[in-house]
Amino acid sequence: MVSKAHILWLFSILLSFGAAAQEYRFYVQADKKKVSLGRRVQLTYKFQGGTPTDFTPPQLKNFSFTSAISQGYETRTVNGRMSKAYTFQFTVKPKSVGQFTIPPARVTVDGRELESDEITIKVIDKTDEERDIQEQIAENLYIKVYASKTEVYLGEQIKVTFKLYKRVDLTALDYKSIPSYDGFWKEVLSDKKDFQLQNEVIDGIQYQTGILESVILFPQKSGELVIDPYVLHTKVPVRKQGRGRRSFFDDFFGNYVNYEYDLSSPILKIRVKPLPAGKPGDFSGLVGKFGFEADLTTTQLEVGDPITLNIIIRGEGNLKLLKPWDVEFPTGIEDHPAQTHDKITTSGGVMRGSRRYEYLMVPYRDGIFKLPPISLSYFDIEKEEYVTFSNANLQFQVGKSDKVIGPATSANGSENPDEINVLNEDIEFIKFNDLQLHKKGYSPFGSTKHLALSITPFVLLLLTMFFYRRKEAEELDVVGTKKKKATTVAQKKLKAAKELMNQNNSDAFFDEVATAVFGYLSDKYAISYADMSKERALDALERDQQPEEYISMTGALIDECGFARFAPGNQAELMKTVYDKAVQVISNIESSSKK
Amino acid sequence: MRLVLIISIFLLSGPMRLAASELSLKEALDSFKAANELYQDSEFRAALFRYRSILEKGFESADLYFNLGNAHYKLENYAMSIWSYEKSLMLEPGFSEAKTNLELANKSVVDKVQDLPRIVWWHYWQRLKSIFGVGGWTTLSIIMLWLLAAGGFLLLTQKIHILKRIGVYLVIFGFSGAIFTGGIAINKKMHLNNPNAAIITSSNVYVKSAPEENSADLYVIHSGLKVALTDEIGDWLKIQLADGKTGWVLKKEMKGL
């Protein structure tokens, strides 16, 4: 008998031979060409002559995939020729009755996309017999799922149980798919390891039942969460339908076949409500019903003695998800990380019990220590509101002790290995000398001494100024009178000289005129008479910025007074000229210095 | 002449006034010496009482506070030793031994308070002020006044140009110097009379948000910490830490400087 598949197969071989350029073969095989509704067909795509990369399965309309694609590689020797083939295998299940062609699958080889051939499969309706068998099995073999609640708050516990009911014998039982509980935190009560069958009578009918899996779930996100079905793959021995209408499962004279049957629990949907608004800042994440205690083992102790803070939470709910408190201990306490002690049970399918956090503290300073308030906030599912417990009055008194304790002694700074290790540090010794005690409140600023010393320099300044000024004034006076007298003295002298001139006493006359001139200049310019000379007199005049002609006139007069008495000629006339000159010089100097 | 008379009366009145307290000063000095001997014999408690009695008589000095601090330190009253060294340094800022010992005593203080950041000039100014005590700055201001007077003398009496010039410079320098140094001396004196600071003496103190027992605890401070005082209501003082934190503390928990 040459089936259609063979023809196709041959055809595809011929095709591949015909197209010499095409060195590949890509074809499909099915384990059966005719299938009844509810059964499966295994499709195998084979590729020869290259290394395919991307396998794209065919687009299926009338079939649904019932397995993943498994890839393989096979070698075969036909007529001494070895052929290698890549295989892609999966199973499909028909959706309806009819004849369907499965469209080609695709692979990519060296960048080229290649198509496989097609295959046609005929789907027939379940036979009455088969339908009968399935119905019979379904009635007598099923899994039920129980949930303690299907609408819960985020974090609220639910118990979920999968239970097998059976009234048939099984020749095989595999765990095909076990739910993964995505979106839940689970605490397993029992699973397949604990699976045990027992007899149970339900509505008067004897069943064998067993709990496949039982868990406590804590939803970790809100929304509708789906719990996957629990799927078992079984083989049920079924007697070949023959004569008469006898029970299927009666193995009496039986001619049995193993009927493969996949057994699946219903899909369970859990609606998870988010926690209401108004969550306290210190919300612990606990949802359920709880009690809370925080206490200290003692309230009076000495430095170095241990003291323990116990925080205990009791109740029903997700206790195991609680995290320890991050207690901020005051300085002066050496604290240790919390130790957790659990007394939590899940008996009765509910997580309940108590959790205790133990914080050991060792104070190394004395004084009163107050712990920050320790509070617990949780969501009460019965009241449907947040509840906060708080213990704010945790304090204890630490007395001094002779014991030497940790950080208090490390104040020497020796923890730092880079620094010089100072063995002992001591304070500088007391002061013995210069004990300058003074009255409290005494201040050098504003003290008598300060004021006296501040005023003294100015008093001294005033006094010196006073005396200095007076002396200076006196000195100025002496010179002034002399200056004032200078002309009168000179006039007196000249008067005397005139008388001598009249007496014609020339020697005395010239002496008198010289003294008059020198005396005048000496008084005028405060030069002592003894030091007087022609040069000094002219010098003084020059310094007084007298006109040049006066200076030369004065010089000439002094010379004439010196030489005239020895000069020949008329002494009387000479005397007259000298006298006039002297009067002229003095009045000139006097008038020019008055300017 | 009348001025001279007034000044000399003024100068003489000082020693006369001092004479009245001369007797107790001598007593105090004897006490001081006795206390120092007790200290040397490691009788710290007895020495402490003696030092205190001198303070109670109304005398003080940087050395006295220093020695008192040492006695407290030896008796492990670190908070009180800190108080004493601070007092000593207030009177004599350049007292290096007091600085060393204060540093050692401060190691016992648990609270490490970060100073508020200040501009660099503030630090220079503080350091400059602490070069001398009130006495030192007063002496400097007196020197400045003498220089001012000397400058005045040169300026008013001398005829020679260069001397007159030196006189002008001296007047300017002495005048501004006297104002500056005198200003610092006044500033320091006022600070000394009213330091507005205290040392915490209780082992640990809960600083409150308001001046009442039931108000919230803000934070905890410990003995030996120096705090600034900014306000007072009844038995409560408002404190401020170097990092700017404020709060209320009972007076009995601290000792004012």
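Student: Which residues touch the most other members of the largest nonpolar core?

Tutor: In this predicted model, they are Tyr39(B), Tyr51(B), Ile221(B), Val227(B), Ile239(B) and Met254(B), out of 52 residues in that core. Its largest share, eight residues, is supplied by helix 4 (residues 78-91) of chain B.

Student: What makes Ile239(B) a contact partner of residues such as Val207(B)?

Tutor: Contact requires heavy atoms within 4.5 Å. Leaving aside neighbours within four places in sequence, Ile239(B) has such contacts with several residues, including Val207(B), Tyr219(B), Leu229(B), Lys245(B) and Val249(B). Among the others are Ile221(B), Val227(B) and Met254(B). There is also a second, separate core of 34 residues, which includes Ala490(A), Leu500(A), Ala516(A) and Ile558(A).

Student: What makes strand 14 of chain A mostly covered?

Tutor: A residue is buried under 20% relative accessible area, and eight of the nine residues in strand 14 (residues 158-166) of chain A are buried.

Student: How do you know that strand 14 of chain A pairs with strand 12 and with strand 18?

Tutor: Pairing needs at least two bridges. Strand 12 (residues 141-147) of chain A and strand 14 share seven bridges, with Val145(A) partnered by Phe162(A). Strand 14 and strand 18 (residues 205-219) of chain A share nine, and Lys163(A) stands opposite Ile211(A). Each pairing is antiparallel.

Student: Now the open sheet with the order 15-20-21 in chain A: why do strand 15 and strand 21 count as edges?

Tutor: Strand 15 (172-177) and strand 21 (256-264) of chain A each have a single partner strand, so one side of each has no neighbour in the sheet. Neighbouring strands here are turned by 25° against each other on average, direction ignored.

Student: What packs on that sheet?

Tutor: Helix 2 (residues 128-140) of chain A does, touching strand 20 and strand 21 of chain A. Its direction makes about 55° with that of strand 21.

Conventions. Residues numbered from 1 in each chain as written. Chains lettered and ligands numbered in written order. Predicted model: local features only at pLDDT ≥ 70, side-chain atom pairs only at ≥ 80, totals over all residues. Heavy atoms only, no water. Helix = DSSP H or I, 4+ residues; strand = E, 2+ residues; numbered from the N terminus. Axes fitted to C-alpha atoms, helices over the stretch in contact; angles between N-to-C directions. Buried < 20%, exposed > 50% of the residue type's maximum accessible area, 1.4 Å probe, protein only. Core = buried A, V, L, I, M, F, W, Y, C linked by side-chain atoms within 4.5 Å.
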